[in-house]
Amino acid sequence: MFENLDAGGKKERFKLIEQAANPGQVAQLCQLPGVSRSGYYVYLKRKKNDRDVEAV
């Protein structure tokens with residue numbers, strides 16, 4: 001699953017963490033590809049609030 005951590009951008013790395021993370025493991029998983037834990041949580045928040053989707 002974590003074969004090539006340098007491939008892709010941070011968004012791809014965050015997606016991998018999201019797939020593999022269990023509660024309490026996020027900090028450890030963020031260290032593997034070298035991304036910040038806070039950056040991961042910003043990614044999750046932005047993912048929920050997609051600005052390109054029109055409000056109904």
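Me: Which residues of H3 are buried?
Reply: This is a predicted model, and in it the buried residues of H3 are Gly-39, Tyr-40 and Tyr-43. Seen down the axis of H3, these buried residues fall within an arc of 105°, so they line one face of the helix.

Me: And what is exposed on the other side of H3?
Reply: There, Arg-37, Ser-38, Lys-45 and Lys-48 are exposed.

Me: What covers the buried residues?
Reply: The cover over the buried residues of H3 includes H1 and H2.

Me: Let's take Tyr-40, then: why does it count as buried?
Reply: Tyr-40 has a relative accessibility of 4%, and buried means under 20%, so Tyr-40 counts as buried.

Me: What is Tyr-40 in contact with?
Reply: Leaving aside neighbours within four places in sequence, Tyr-40 is in contact with Phe-14, Ile-17, Glu-18, Ala-21, Val-26 and Cys-30.

Me: Changing topic, which residues make up the largest nonpolar core?
Reply: That core has 8 residues in all, namely Phe-14, Ile-17, Val-26, Leu-29, Cys-30, Val-35, Tyr-40 and Tyr-43. Helix H1 (10-20), helix H2 (26-31) and helix H3 (37-48) each supply at least two residues of this core, and the largest share, 3 residues, comes from H2.

Me: What does Phe-14 touch?
Reply: Not counting residues up to four places away in sequence, Phe-14 touches Val-35, Ser-36, Gly-39, Tyr-40 and Tyr-43.

Me: Back to H3, how many residues does it have?
Reply: H3 has 12 residues and reaches 17 Å from its first C-alpha to its last, which is close to the 16 Å expected at 1.5 Å a residue.

Terms used: Residues are numbered from 1 along each chain as its sequence is written. This is a predicted model: local features need pLDDT of at least 70, side-chain atom pairs count only at pLDDT 80 or more; totals for chains, interfaces and linings use all residues. Side-chain values use heavy atoms; hydrogens and water are left out. A nonpolar core is a set of buried Ala, Val, Leu, Ile, Met, Phe, Trp, Tyr and Cys residues joined through side-chain atoms within 4.5 Å. Buried means under 20% relative accessible area, exposed over 50%, partly exposed in between (1.4 Å probe, protein chains only). Helices (H or I, at least four residues) and strands (E, at least two) are DSSP runs, numbered from the N terminus. Contact means heavy atoms within 4.5 Å. The expected span of a helix is 1.5 Å times one less than its number of residues. The arc is that of the directions from the helix axis to the C-beta atoms.
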